[in-house]
Amino acid sequence: MIDVLTLVVGLAALALAVWCGHAFYRDQSTKDWHFIGMAVVTVLALVQLVIGVVQLSRGERPAKGTAIFVAYLLGAAACIPGAGFVSLTERTRWGSATVAAGAVVLGVLQVRLYDIWGG
């Protein structure tokens with residue numbers, strides 16, 4: 001995997017978590033600009049997914065297993081869209097908390113992806 005991309009995705013996810021956590025603290029639901037932030041983080045995760053699949057197709061293998069690596073890649077790509085969908089149905093401050101929690105989960109998934117690949 002590309003270490004820099006993993007770091008960028010993780011930091012972007014944590015920045016989104018802080019941003020949405022602040023909205024939760026201020027008793028605000030997710031706004032349009034939060035969804036723009038979610039889109040940016042999701043695009044980064046999708047780029048990571050594509051690069052991971054390309055590397056696998058070129059014969060490179062993660063140190064701790066291909067199946068678990070692909071599962072983590074798919075989970076990372078689905079994490080923020082899933083949290084965003086839930087926040088659309090929960091139009092209170094708890095929607096912001098859901099996105100913040102999903103972003104923290106994505107940050108943790110990045111650490112695991114780095115570890116699984118052999119970092």
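Asp27 counts as exposed, since its relative accessibility is 53% and the cut-off for that class is over 50%. In this predicted model, Asp27 forms a salt bridge with Arg93, and the closest N and O atoms of the two are 3.8 Å apart. The pair links distant parts of the chain, with Asp27 in the loop between α1 and α2 and Arg93 in helix α4, 66 residues apart.

**Salt bridges**

- A search of the whole structure finds four salt bridges, and among them is the pair of Asp27 and Arg93, in which Arg93 counts as partly exposed at 26% relative accessibility.
- Arg58 and Glu60 meet through their side chains in another salt bridge, at 2.8 Å from N to O; Arg58 is exposed, with a relative accessible area of 60%, whereas Glu60 is partly exposed at 28%.
- The side chains of Asp115 and Arg112 also meet in a salt bridge, at 2.7 Å from N to O, and because these residues lie three places apart in helix α4, about one helical turn separates them.
- An α-helix has 3.6 residues a turn, so residues three or four places apart point the same way.
- Asp115 counts as partly exposed at 28% relative accessibility, and Arg112 counts as partly exposed at 30%.

- Helix α3 covers residues 66-89, and its 24 residues should span 34 Å at 1.5 Å a residue, which agrees with the 35 Å between its end C-alpha atoms.
- Within α3, a kink of about 35° lies at Ala78, shortly before the proline Pro81.
- The buried residues of α3 include Phe69, Leu73, Cys79, Ile80 and Ser87, and the buried residues of this helix pack against α1 (3-25), α2 (32-57) and α4 (93-117).
- For α4, the 25 residues should span 36 Å at 1.5 Å a residue, and the end C-alpha atoms are 37 Å apart, which agrees.
- After α4 comes Gly118, whose phi is positive, near 115°.

**A nonpolar surface patch**

- Leu7, Leu11, Leu14, Val104 and Val108 make a nonpolar surface patch of about 450 Å², to which α1 and α4 are the elements that give two or more residues.
- Helix α1 gives the most to this nonpolar patch, with three residues.
- Leu14, which is found in helix α1, is partly exposed, with a relative accessible area of 40%.

Terms used: Residues are numbered from 1 along each chain as its sequence is written. This is a predicted model: local features need pLDDT of at least 70, side-chain atom pairs count only at pLDDT 80 or more; totals for chains, interfaces and linings use all residues. Side-chain values use heavy atoms; hydrogens and water are left out. Helices (H or I, at least four residues) and strands (E, at least two) are DSSP runs, numbered from the N terminus. The expected span of a helix is 1.5 Å times one less than its number of residues. The bend at a residue is the angle between axes fitted to the seven residues ending there and the seven starting there. Buried means under 20% relative accessible area, exposed over 50%, partly exposed in between (1.4 Å probe, protein chains only). Contact means heavy atoms within 4.5 Å. Patches are made of residues with over 30% relative accessible area and no salt bridge: like charges are joined within 9 Å, nonpolar side chains (Val, Leu, Ile, Met, Phe, Trp, Tyr) within 5 Å. Accessible areas come from the Shrake-Rupley method with a 1.4 Å probe; for residues, only the protein chains shown count as cover.
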